[in-house]
Amino acid sequence: MRTGTGLAAGLGVTELVSWGVLVYAFGVLVVPMHDELGWSFATLNTAYAGGMLVSGLVAVPAGWWLRRHGARGLMVGGSVLASAVLVAWSAVRTPAQFVLVSLFCGLAMAATLYEPAFAVIVERRGDPKDRARAIVIVTGIAGFASVVFVPLTGQLSTAHGWRSALLVLAVVTLLVGAPLHALLIRPVAHCAATPRATVREFRSSASFRWLSVCLSGSTAMKTGFGVSVVAYLVSRGYPLRHAALVGGAAGICQVGGRLLVSWLRLPTHLVCAAVFAGQSVAAVLLIFVADRRLGSVLLLVLATVLLGLGYGIVELLRGTLVVDYYGRTAYPTVNARLATRVVAARTAGPLLAGWVVTATGSYLPMLLGGSALAALSAVAMLLTHRARPRNLVSG
């Protein structure tokens, strides 16, 4: 169970839980929290974005830890912390308390999401095809996080209240994440750090800059929509449980997007650019989802498919393209630097979405802004390929 497919599948399960409870659940819980506590969506999203910011700030030290000590202790501790955070979240009564909980949530994100899991795969799988297959397994399973946890959180919240829903999620996290991380991830010997000159060389390359733009734009669009689409559909007359199902359906398409990139015998950069362009179109289609008539429902289905196909591309690219460009030795350090940019975008997405909706009283500017970000990501993906490094790979 600790090698090959078993390792990838086990990590995929832990990622499914971590993404489900730390990221996707908020997009559902924001609605009942707003209704009960009376806090604006801007307040809720800003507090949550603070946690995202923390996860970005600690990305580089986390990469340093991964390079020297491995992922076992970090991920086991992160799962325990995530469970404690969810319990504390269920008891919040003031905005200040929620801000504090969100900050610790960011620490749990840095310790349990894709960055450390990918580091485990890269360290264990030397052959590029074998490594790519393992990344697809991890992200394929984890891609169902929204499918499982968005509807689950919606049902729990509707039936028992959002506070009780969080307690259930805390138990799931503790019973799944910590044991699997302890069993699957082996301790590693001390490793030397990647030379700073090498990191500077990678970071100064045009490919790194365009890749940062591509992944950041797509991530900001994804997280902004992730915390807003359920509330948007509720405002359009859809019941919360039905709106939550839409978020879950996007997760199925997210897995399909990863498989599409992996299986199609077409250049990866072209497939990814096309998927990002499809997201741009989907954001515009959502503008016309005004009710539950047949035509509107069909538009919603099409938009959900196009959005979902692109939701999983960022993680797949970070797990494969980065190591292919910059090598296994430099991967933890370089990916940590890239993570600071991606997590900053992950932070900005919910923050800007909440501010825009609150300031304008409309979701239209948010939808148009998301469309523009997706289009930018498509262009940046093509430019990344054009500027791809040819002599930088080492290790």
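Visitor: In which helix does Ser 18 lie?
Guide: This is a predicted model, so the answers describe computed coordinates. The helix that holds Ser 18 covers residues 4-37. That element is α1.

Visitor: Is Ser 18 buried or exposed?
Guide: A residue counts as buried under 20% relative accessible area. Ser 18 has a relative accessible area of 6%, so the class is buried.

Visitor: Which residues are in contact with Ser 18, leaving aside neighbours within four places in sequence?
Guide: A contact requires heavy atoms within 4.5 Å. With the sequence neighbours within four places set aside, the partners of Ser 18 are Val 23, Thr 112 and Leu 113.

Visitor: What distance separates the end C-alpha atoms of helix α5?
Guide: Helix α5 runs over residues 95-112 and has 18 residues. At 1.5 Å a residue it should span 26 Å. The model agrees with this, and the end C-alpha atoms are apart by 25 Å.

Visitor: Which residues of α5 are buried?
Guide: The criterion is a relative accessible area under 20%. In α5 it picks out Phe 98, Val 101, Ser 102, Cys 105, Gly 106, Ala 108, Met 109, Ala 110, Ala 111 and Thr 112.

Visitor: Is Ser 83 buried or exposed?
Guide: Ser 83 belongs to helix α4, residues 72-89. Its relative accessible area is 8%, and therefore Ser 83 counts as buried.

Visitor: How far apart in space are Ser 83 and Gly 177, C-alpha to C-alpha?
Guide: Not counting residues up to four places away in sequence, Ser 83 touches Ala 170, Thr 173 and Leu 174. Ser 83 and Gly 177 are 94 residues apart in sequence. From C-alpha to C-alpha, their separation in space is 9.3 Å.

Visitor: What reach does helix α17 have from its first C-alpha to its last?
Guide: Helix α17 comprises residues 331-360, which is 30 residues. At 1.5 Å a residue, 44 Å is expected. The reach in the model is close to that, at 42 Å.

Visitor: Which residue just after α17 takes a positive phi?
Guide: The phi value in question is about 70°. The residue that takes it, just after α17, is Gly 361.

Visitor: What separates the C-alpha atoms of Ala 59 and Ser 235?
Guide: Ala 59 is in helix α3, residues 59-69, and counts as buried at 10% relative accessibility. Beyond its neighbours within four places in sequence, Ala 59 is in contact with Ala 336, Ala 339 and Thr 340. Ser 235 is 176 residues from Ala 59 along the chain, and the C-alpha separation is 36 Å.

Visitor: What is the radius of gyration of the protein?
Guide: The C-alpha trace spans about 55 × 40 × 35 Å along its principal axes. For 395 residues, a compact globule would have a radius of gyration near 21 Å. The value for the protein agrees with that, at 20 Å.

Visitor: How far apart do the centres of the positive and negative side chains lie?
Guide: The protein has 31 positive and 11 negative side chains.

Notes
Residues are numbered from 1 along each chain as its sequence is written. This is a predicted model: local features need pLDDT of at least 70, side-chain atom pairs count only at pLDDT 80 or more; totals for chains, interfaces and linings use all residues. Side-chain values use heavy atoms; hydrogens and water are left out. The radius of gyration is taken over C-alpha atoms; the globule rule is 2.2 Å times the number of residues to the power 0.38. Lys and Arg count as positive and Asp and Glu as negative; His and the chain ends are not counted. The place of a charge is taken as NZ of Lys, CZ of Arg, CG of Asp or CD of Glu. Helices (H or I, at least four residues) and strands (E, at least two) are DSSP runs, numbered from the N terminus. The expected span of a helix is 1.5 Å times one less than its number of residues. Buried means under 20% relative accessible area, exposed over 50%, partly exposed in between (1.4 Å probe, protein chains only).
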